[in-house]
Structures are given as C-alpha cells and as structure tokens.
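Here are my notes on the two-chain model you asked about. Please read them with the structure open.

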Amino acid sequence: MEQASGVDERRAGPQKERAAIAGGRRGAFSHQALLHAGDDELATAAATFVATALEAGESVVLAVRGEREVFLREVLADDARNVMFCDIEVLARNPARLIPAWLRFLDQHDDGARGLAMLAECVWPGRSEEELSECARYEGLLNVAFGRGRAWRLLCPYDVDALDDEIVELARSTHPLLRLDGKTEASRAYAGADAVRPLEGELSEPPAGARALAFTITSLHEVREFVADAAHAARLPSQRTENLRLAVNELASNSVCHGGGAGTLRTWCDEEALVCQVSDNGRIRERMVGRLRPDPDQTSGRGLWLVNHLCDLVQIRSGDHGSVVRVYVRLAGDEAAELAQRPRTLR
Amino acid sequence: MTESEHLRVDVQGGDGRVIVRLGGELDLASAPVLERELESAQIDAAPSLVFDLDGLEFLDSTGLQVLLATHRHATEHGQQFAITRGSPQVQRLLDITRVAERLTIVDAPV
C-alpha cells in the first residue's frame, strides 16, 4: 500500500534532496569547522563570530551545551543579549534530527533580508563511538542538504585538545572550510557532497545474549509485545517504552513493505540504552532518509522520520547484503524534563 | 461491528453524522480491515464523519495513512471530517508527523 500511494522515503532519491534545499536567499552555504584548542580559543573565536555576524545584521544562534552557555554569556557580555542560545545536548542527542531542525530554523528566521549565522557544537568529548559516527554522517549530509541552496553560515566547534585525532580528521573531510588560529582556509581533506555515503559501513555484531524474533506481516503485534517485554525487563520508563514500541513497529512495517516481506528483530541492553535492531533483505538508497520533514498532506513516507524523533540514536546501514537499522533509547535521565523541554526546542 | 484479531471497527449513523469507533490496534496488518469497512454507502453519504480514536491502544503511520486518505476523500466530497484526541501514543504520533495541524480534533465524538 505504501509503495503505491506516494513517496517511498527509502528510495525517493535526488528529487527529495532538491526539495529540501529549494528557496531562500541567493548565495552559498558556509560550513566551517572551528578547530580550537581548549575553552579560551573557543571563547575568542565565538566572540569574533558573534561580533562579525551582528555587525552584518545576521541573526545569531549559539547551539551549545548548558555549561558552555554560561561561559559564553560571560565572554560575550552585551552581545549575549542579541543572540539566541539553544541546548545542543537536547537538540543533537540524535544527530539525525539536526538537519530538519536547521531547516525549520531557516524557515522561521531567514526572512530574506537578514542572514543567519549559527554556531553548533554537535561533537563534544564524552560522546559515544556510535554517536560520533552518526555526528560525522550528519556533518557530511549538511553539504548535501544545504550545499546548493540557501545562504547561511554554520560554524562547528571541535576541541582538538579533548577529541581523538580521528574525529578531528573526519571534521576536516566533512567541512569545506576550516577556521584555525583566527583565519579561515579551505580544507584540503574535504571530500565533497557527492562522496557522502551515510548508509555505508558495518555495525558491530549484536552481543551473544541478544534476543531475536523473526517476523512477517502477521506478527507485528508480537513484535510490539517483544519490545514491551524487553523495555519492562530493562525498567524503561513508560513514555520511552511507548516511543520504542512505535519506532520498532515502524521499522518492522518497513521490512514488511520494502524489505522482502520479513525481517528479524534483535534486542539487548548496553551500558546506557535499550537497543533494538531490525534487519531485512531490502536496500535503502535515499541518503537523506528520515531527515526531511514529511509534508502533513503526504500519504506515506513517515516511518524513519518517526523513528528519528522517537529514539535517542538511530543508525541506518544498507548495502547489497540488505539493511540494518539499530535504535537506542536511553535507560536513565529525567524523562519529565525532556518532555517539558521538547516543545520549546527546534524540531 | 467488524472485528479482526486486533482491531475493532464500529460504524454508527444518525443525525447526518457517522461515527467510526476504533478499538484495539490499527497498524499495517489491520489497516486493510478498516479500509474495507470504509467502502460503504453510509460513509459516502454522511455529511459529517467523526473517527473516535479513544479506544485505540495503538496507531502507527500506516493507520494514520488510512485516516489521512479518508480525510482527503471527505474534503474533496464536501464532507466534514474530525477525529477525537486519542491516547497519549496517538497524540504523539500526530504531533511528530504534524498531522495534528491538518485535522480537526474534537474532545468527544458527539
């Protein structure tokens, strides 16, 4: 039914990519990595960035962690009143939500007369290996989503003292421009938008103790029960259990519709999250899958969008061998605070 | 009233308004059951359609597609269309997909 009635979000291709970038001011998207050593260099660079942007009449947004906001407000002094802060730890928990957040933000704030200058710290020390691999995919896809579209500026801080060299090298390959020692230069390692392959790569093997359930269209109810049981065993709070149940249901439905009619669900716990993985024999080709907000009127193509907004982290890999989607919902954390915060953040 | 393994559909008419009460789970597997139930002269002739979702324990994006297709068909044919608020799970689905902005949501079916 989904295939017949509208957009298949897994295979939509360049047409949907173009739809995301249409409109807006003429010019170019500027995507810079700010390679700074420690907080002092960040403070200096941020102050320059904000002062220059305000002077040019741009709207300024600083998407940073809460502790950085306090510190940057002090550094910016009077200028802090003219910028908007938002909490990147909430916004970028699942990095796949960032491109739609920025698109929404552009719709709200780029009125054609004022430009937009944003500093967004998506990568910070302490993020897990899995999160960092998704952050790198997000950074690459930014060039796909905005490369030929609207003019705005995005500065992405990377603390070279605190992050692994490998992460900084990735930043050099996903950013056309580097900001170093107060100067902007082209990144020689930049790979270009065409080289972005977010669906390639292998995920680690599920642990030996993972529970597995093979499913078809007749067992979607059992899929949801299986997830609810795993969530109960992991003492997941009720709201997150509901989110995960819906997310995995969407993944299993995708397997039934596009992945050969069947798939396998695996569940396990790691140190911080309940993890669910759905694998099937289908091939996902749309590299922006799940990152472009569905139109309220479109009749299909909402599955992976939902999954990205229901889970704390989503990893999608697809190739000749089939597709694997792994989703994480955190076990701990203040659920009430998250829910309260959501409507105010950029979605 | 039609009942599949996990979905109940109950269509009630009267006063120019047809109420479609859903119970259980509306998903990829049960959506065709609802689609068949909606192919009726009573539904087509109703000036006003209200879907009572309050008895739904689960709604997914495929079930939502059926509601959206019905909404579009109703609008094209000059019928009024509304849904009830539904469970927190239903509200969350409508919210994330922004479908809540497009549909008329009522507190009670009558």
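This is a predicted model: local features need pLDDT of at least 70, side-chain atom pairs count only at pLDDT 80 or more; totals for chains, interfaces and linings use all residues.

1. Local features are described only where pLDDT is at least 70. Side-chain atom pairs count only at pLDDT 80 or more.

2. **Fold of chain B.** Chain B has four helices and six strands. Along the sequence they run β-β-β-α-α-β-α-β-α-β. The radius of gyration of chain B is 13 Å, and the globule rule gives 13 Å for 110 residues, so chain B is as compact as a globular protein of that length. Its C-alpha trace spans about 30 × 30 × 20 Å along the principal axes.

3. **Inside chain B.** How much of chain B is buried? Buried residues account for 40% of its 110 residues. Now take the contacts in chain B with a separation of 6 or more: 71% of them join residues 24 or more positions apart.

4. **Where the chains meet.** On the chain A side, 22 residues are in contact with 20 residues of chain B. The elements of chain A that give two or more residues to this side are α1 (2–5), α9 (220–233), α10 and α11. Which of them gives the largest share? That is α10(A), with six residues. By class, the side of chain A that touches chain B has seven nonpolar, nine polar and six charged residues.

5. **α10 against α11 in chain A.** Two packed helices are described by the angle between their axes and the distance between the axes. Helix α10(A) covers residues 238–258, and helix α11(A) covers residues 303–310. They pack at an angle of about 155°, with their axes 9 Å apart. Angles over 145 degrees count as roughly antiparallel, so α10(A) is roughly antiparallel to α11(A). The crossing is left-handed. From α10(A), the residues in this contact are Asn243(A), Leu246(A), Ala247(A), Glu250(A), Leu251(A), Ser253(A) and Asn254(A). They meet Gly303(A), Leu306(A), Val307(A) and Leu310(A) of α11(A). By class, that contact has six nonpolar, four polar and one charged residues.

6. **A closer look at Asn243(A).** Asn243(A) sits in helix α10 of chain A. Is Asn243(A) buried or exposed? It has 24 C-beta neighbours inside 10 Å, so Asn243(A) counts as buried. Setting aside neighbours within four places in sequence, Asn243(A) is in contact with Leu310(A), Cys311(A) and Val329(A). Gly57(A) lies 186 residues away along the chain, and its C-alpha atom is 41 Å from that of Asn243(A).

7. **α3 against α4 in chain A.** Helix α3(A), residues 38–55, packs on α4(A) at an angle of about 60°. Their axes are 10 Å apart. The two helices are therefore oblique to each other. Their crossing is right-handed. Asp39(A), Ala43(A), Ala46(A), Ala47(A) and Val50(A) of α3(A) meet Phe71(A), Leu72(A), Val75(A) and Leu76(A) of α4(A). By class, this contact has eight nonpolar, no polar and one charged residues.

8. **α1 against α3 in chain B.** Helix α1(B) is residues 31–38, and helix α3(B) is residues 61–76. Their axes come within 9 Å and cross at roughly 20°. These two helices are therefore roughly parallel to each other. α1(B) passes α3(B) in a right-handed crossing. Ala31(B), Leu34(B), Glu35(B) and Leu38(B) of α1(B) meet Thr62(B), Gly63(B), Val66(B) and Thr70(B) of α3(B). The contact has four nonpolar, three polar and one charged residues by class.

9. **Backbone check: Ala77(A).** Ala77(A) is not a glycine, yet it has a positive phi of about 50°. It is found in the loop between α4 (66–76) and β3 (84–87) of chain A. Ala77(A) has 9 C-beta neighbours inside 10 Å, so it counts as exposed.

10. **Backbone check: Arg98(B).** Arg98(B) is not a glycine either, and has a positive phi of about 65°. Its place is in the loop between α4 (88–96) and β6 (104–106) of chain B. Arg98(B) counts as partly exposed because it has 16 C-beta neighbours inside 10 Å.

Key:
Residues are numbered from 1 along each chain as its sequence is written. Chains are lettered from A and ligands numbered from 1 in the order in which they are written. The radius of gyration is taken over C-alpha atoms; the globule rule is 2.2 Å times the number of residues to the power 0.38. A residue is buried if 20 or more other C-beta atoms lie within 10 Å of its own, exposed if 12 or fewer, and partly exposed in between; C-beta atoms are placed from the backbone. Two residues are in contact if their C-beta atoms, placed from the backbone, lie within 7 Å. Axes are lines fitted to C-alpha atoms, for helices over the stretch in contact, and angles run from 0 to 180 degrees between N-to-C directions. Angles under 35 degrees count as roughly parallel, over 145 as roughly antiparallel, 65 to 115 as roughly perpendicular and the rest as oblique. A crossing is left-handed if the near helix is turned anticlockwise from the far one by less than a right angle, and right-handed if clockwise. Ala, Val, Leu, Ile, Met, Phe, Trp, Tyr, Cys and Pro count as nonpolar, Asp, Glu, Lys and Arg as charged, and the others, Gly among them, as polar.
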